[in-house]
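Please read them with the model open.

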Amino acid sequence: MTLIKSISGIRGTIGGNPGEGLTPIDIMNISYGYSCFLKEKHKTSRIKVVIGRDARISGDMVNKIITATLQSTGIDVIDGGLCSTPSTGIAVKDYKAQGGIIITASHNPKNWNALKLLNENGEFLSDSDGKKVLKFSDDKKRFETIDKIGEYYKDENFTINHIEKILSLSLVDTAAISKAGLTVAVDAIN
């Protein structure tokens with residue numbers, strides 16, 4: 001089993017022992033560290049995080065662990081379901097969220113998955129921010145009481161919203177595309 005912690009998040013093979021593979025405990029720890037980082041950086045009363053994922057077998061499970069951890073720390077979650085990495089980044093800005101998590105291991109085999117962490121601009125975290133998340137992930141955990149847990153929202157339109165933004169750009173000639181009988185297709189799986 002393999003577990004790699006880096007500035008942009010954590011990736012590894014699903015299962016095994018905590019700290020050696022990407023286990024539920026590792027997923028919870030990095031999600032907790034990310035929530036602490038966001039709370040320190042953004043002093044707002046409500047913090048929002050968007051989540052998008054690819055179609056990996058483990059994606060739904062990983063999503064549920066992240067969502068539960070973030071909500072238990074008082075963070076609101078907007079779940080985009082299956083969508084592309086760029087669509088998730090754009091959704092961070094669309095929702096005026098303080099961050100985002102992309103659940104994807106890109107080109108790695110099916111037994112891999114990852115949590116790729118985004119800032120409030122929908123960009124990957126900087127080196128210094130990533131190190132803060134990793135430090136917080138090792139801290140003793142403290143979770144919110146029932147009146148302060150985060151809310152959960154489902155919005156599976158991240159990709160559609162992204163496509164609409166692209167088609168609305170002045171340099172995209174939608175009339176020419178239509179006249180030529182072409183169709184715009186998007187690969188939303190990383």
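1. The side chain of serine 35 reaches the backbone oxygen of tyrosine 32 at 2.7 Å. The side chain of serine 35 also makes a polar contact with the side chain of threonine 73, at 3.4 Å. A polar contact is a pair of N or O atoms within 3.5 Å; within protein, one must be able to donate a hydrogen and the other to accept it, and residues adjacent in sequence count only if both atoms are side-chain atoms.

2. This is a predicted model, in which local features need pLDDT of at least 70 and side-chain atom pairs count only at pLDDT 80 or more, while totals for chains, interfaces and linings use all residues. Residues are numbered from 1 along each chain as its sequence is written, and side-chain values use heavy atoms, with hydrogens and water left out.

3. Serine 35 lies in helix α1; helices (H or I, at least four residues) and strands (E, at least two) are DSSP runs, numbered from the N terminus. Is serine 35 buried or exposed? Serine 35 is buried, because its relative accessible area is 1% (buried means under 20%, exposed over 50%, partly exposed in between, with a 1.4 Å probe and protein chains only). Not counting residues up to four places away in sequence, serine 35 touches Leu70, Thr73 and Ile75, where contact means heavy atoms within 4.5 Å.

4. Serine 58 lies in the loop between β3 and α2. Serine 58 is buried, with a relative accessible area of 9%. Its side chain and that of asparagine 113 are joined by a polar contact of 2.8 Å. Leaving aside neighbours within four places in sequence, serine 58 is in contact with Ile14, Trp112 and Asn113.

5. The largest nonpolar core has 27 residues, of which Tyr34, Val49, Ile51, Ile66, Leu70, Ile101 and Leu115 touch the most other members. Such a core is a set of buried Ala, Val, Leu, Ile, Met, Phe, Trp, Tyr and Cys residues joined through side-chain atoms within 4.5 Å. Two or more residues of this core come from each of α1 (24-41), β3 (48-53), α2 (59-72), β5 (99-103), β6 (112-118) and α4 (127-137). The largest share, seven residues, comes from α1. Apart from this core lies another, of nine residues, including Val50, Ala91, Val92 and Phe158.

6. How many aromatic pairs does the structure hold? There are three aromatic pairs. Rings of Phe, Tyr and Trp (its six-membered ring) pair if their centres lie within 6.5 Å; planes under 30 degrees apart count as stacked, over 60 as edge-to-face and the rest as tilted. One of the pairs, tyrosine 32 with phenylalanine 143, is edge-to-face, at 5.4 Å centre to centre and 65° between the planes. This pair links distant parts of the chain, 111 residues apart: tyrosine 32 is in helix α1, and phenylalanine 143 is in the loop between α4 and β7 (152-154). Tyrosine 32 is buried, with a relative accessible area of 5%, whereas phenylalanine 143 is partly exposed at 36%.

7. Tyrosine 34 and phenylalanine 37 form a stacked pair, 6.5 Å centre to centre and 20° between the planes. Because tyrosine 34 and phenylalanine 37 are three residues apart in helix α1, about one helical turn separates them. Tyrosine 34 is buried, with a relative accessible area of 0%, and phenylalanine 37 is buried at 2%.
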